[in-house]
2 protein chains.
Amino acid sequence: MDDSVDRHIARWRGKAPFDERVEAIVTRMQFLVKHLAQAKDGALAAVGLQDFEYETLHWLGARGEGGRATPSELAAELKVSPAGMTGRLDTLEKAGLVRRIRSAEDRRRVDVELTSEGRAIWLKAMDLRGEVEDAMVGVLGPDDQDVLAALLKRMLLRMENPGRA
Amino acid sequence: MDDSVDRHIARWRGKAPFDERVEAIVTRMQFLVKHLAQAKDGALAAVGLQDFEYETLHWLGARGEGGRATPSELAAELKVSPAGMTGRLDTLEKAGLVRRIRSAEDRRRVDVELTSEGRAIWLKAMDLRGEVEDAMVGVLGPDDQDVLAALLKRMLLRMENPGRA
DNA sequence: GGAAAGTATTTCGCCAGCGAAGCTTTCGTC
DNA sequence: GACGAAAGCTTCGCTGGCGAAATACTTTCC
């Protein structure tokens, strides 16, 4: 059984010099991520959240009880520009899910923390999002999942540490 | 050695009910795709192309010599909305890389084809893009690449055929 | 002690993409 | 053969994100 990427590659096999293996991997990852974003949008609508809002709450929530972090930390972790993070936080703050606190000892800095409402919605949203992700990853058994995770990690390490051999 | 996803997961282990394996896989794919887009933007600048332009040329080029396809076919293949595809084609047509031809037998339809200039730039861009992708996927040996491609394909098949068991 | 360099965040102008509405052409049916 | 439904593409209004400049505060260096 072929997927859309197999068909794509077969169509120009021989027409251009290319590494089919690399192309297949990269294109499939792009499509999976896109599919996932679209599927999650639908699921998250049930709690009135968009994908980017969930993602931000999620990394804040991971920070622990207070759920504190500075905008620049979040921007770096989520691979978004600082300006983009300001926009996300504006939205979340307006919705009352997040609170900005100017730091006392260094007043250039801002700390962001989840409100209790933000935490509650985050927890609800995790279930919904989990179902969509499980539907995708669940086709693989636990062992295959471990293999996949390890392979992805090796690539991500390379991207996050360009200097490394 | 941990990547940013390991650190993220470790930080909220036990704080919320969650499948760590699934989370690790999904988040890593998202980051890899994002990293890749950012890295490719830089590389493609050398031929004055943006990522979405390259992607569109690439799927058109795969169609063969004339490089023909209708906007709706491309939109479906590239997982973009029809409106989005109109925008992409506008840009490419203005740049002279692509040509729109109203179909004679069904005048609702439009055929899109690469101009010779479009094909030339596409071929140049493929090299640049290939280097960036190789740098990422190249950490894996050929066998690992095959394993990875196969695992991704199983997931993508599921996403593209929701009915299937 | 005060200017200059540096750091953290926000503002501004712009762009690609989405959903919904609109336009044109074709098909199905009576 | 005419008329309503459907197909194919585009236009419109809006939104999230980016890069660059602006703002606000801190540290360094003479």
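This is a predicted model: local features need pLDDT of at least 70, side-chain atom pairs count only at pLDDT 80 or more; totals for chains, interfaces and linings use all residues.

Of the 165 residues that make up chain A, 50% count as buried, where buried means under 20% relative accessible area, exposed over 50% and partly exposed in between, with a 1.4 Å probe and protein chains only. Residues are numbered from 1 along each chain as its sequence is written, chains are lettered from A and ligands numbered from 1 in the order in which they are written, and side-chain values use heavy atoms, with hydrogens and water left out.

Let me begin with the overall form of chain A. Its secondary structure comes to seven helices and three strands; these are DSSP runs numbered from the N terminus, helices being H or I of at least four residues and strands E of at least two. Along the sequence, the pattern reads α-α-α-β-α-α-β-β-α-α. The C-alpha trace of chain A spans about 60 × 40 × 30 Å along its principal axes. Chain A has a radius of gyration of 19 Å, whereas a compact globule of 165 residues would have one near 15 Å. That radius is taken over C-alpha atoms, and the globule rule is 2.2 Å times the number of residues to the power 0.38.

One residue illustrates the layout. Leu140(A) sits in the loop between α6 (116–137) and α7 (142–160) of chain A. With a relative accessible area of 3%, Leu140(A) is buried. From Leu140(A) to Ala76(A) the distance is 64 residues in sequence and 31 Å in space, C-alpha to C-alpha.

I turn now to the aromatic pairs. How many are there over all chains? The count comes to two, under a rule that pairs rings of Phe, Tyr and Trp (its six-membered ring) if their centres lie within 6.5 Å, with planes under 30 degrees apart counted as stacked, over 60 as edge-to-face and the rest as tilted. In one pair, the ring centres of Phe31(A) and Trp59(B) are 5.8 Å apart and the planes stand at 40°, so this pair is tilted. Phe31(A) belongs to helix α2 (residues 20–44) of chain A and Trp59(B) to helix α3 (residues 51–61) of chain B, so the pair joins two chains. Phe31(A) and Trp59(B) are both buried.

The rings of Trp59(A) and Phe31(B) have centres 5.7 Å apart and planes at 40°, so that pair is tilted. This pair also crosses between chains, from helix α3 (residues 51–61) of chain A, which holds Trp59(A), to helix α2 (residues 20–44) of chain B, which holds Phe31(B). Trp59(A) is buried at a relative accessible area of 3%, and Phe31(B) is buried at 2%.

The Phe rings have a further neighbour. Lys79(A) lies over the face of Phe31(B), 3.9 Å from the ring centre, and Lys79(B) lies over the face of Phe31(A), at 3.9 Å from the ring centre. A charge sits over a ring if NZ of Lys or CZ of Arg is within 6 Å of the ring centre and within 35 degrees of the ring normal.

Next, the DNA. Which residues come closest to DNA strand C? Among the 21 residues that surround it, the closest are Ser72(A), Arg100(A), Arg108(A), Ser81(B) and Arg88(B); a residue is near a strand if one of its heavy atoms lies within 4 Å of it. Of the atoms of DNA strand C that come within 4 Å of the protein, sugar and phosphate account for 76%.

A polar side-chain atom of Arg88(A) lies 2.9 Å from a phosphate oxygen of DNA strand D, and one of Thr86(B) lies 3.0 Å from a phosphate oxygen of DNA strand D. A polar contact here is a pair of N or O atoms within 3.5 Å; within protein, one must be able to donate a hydrogen and the other to accept it, and residues adjacent in sequence count only if both atoms are side-chain atoms.
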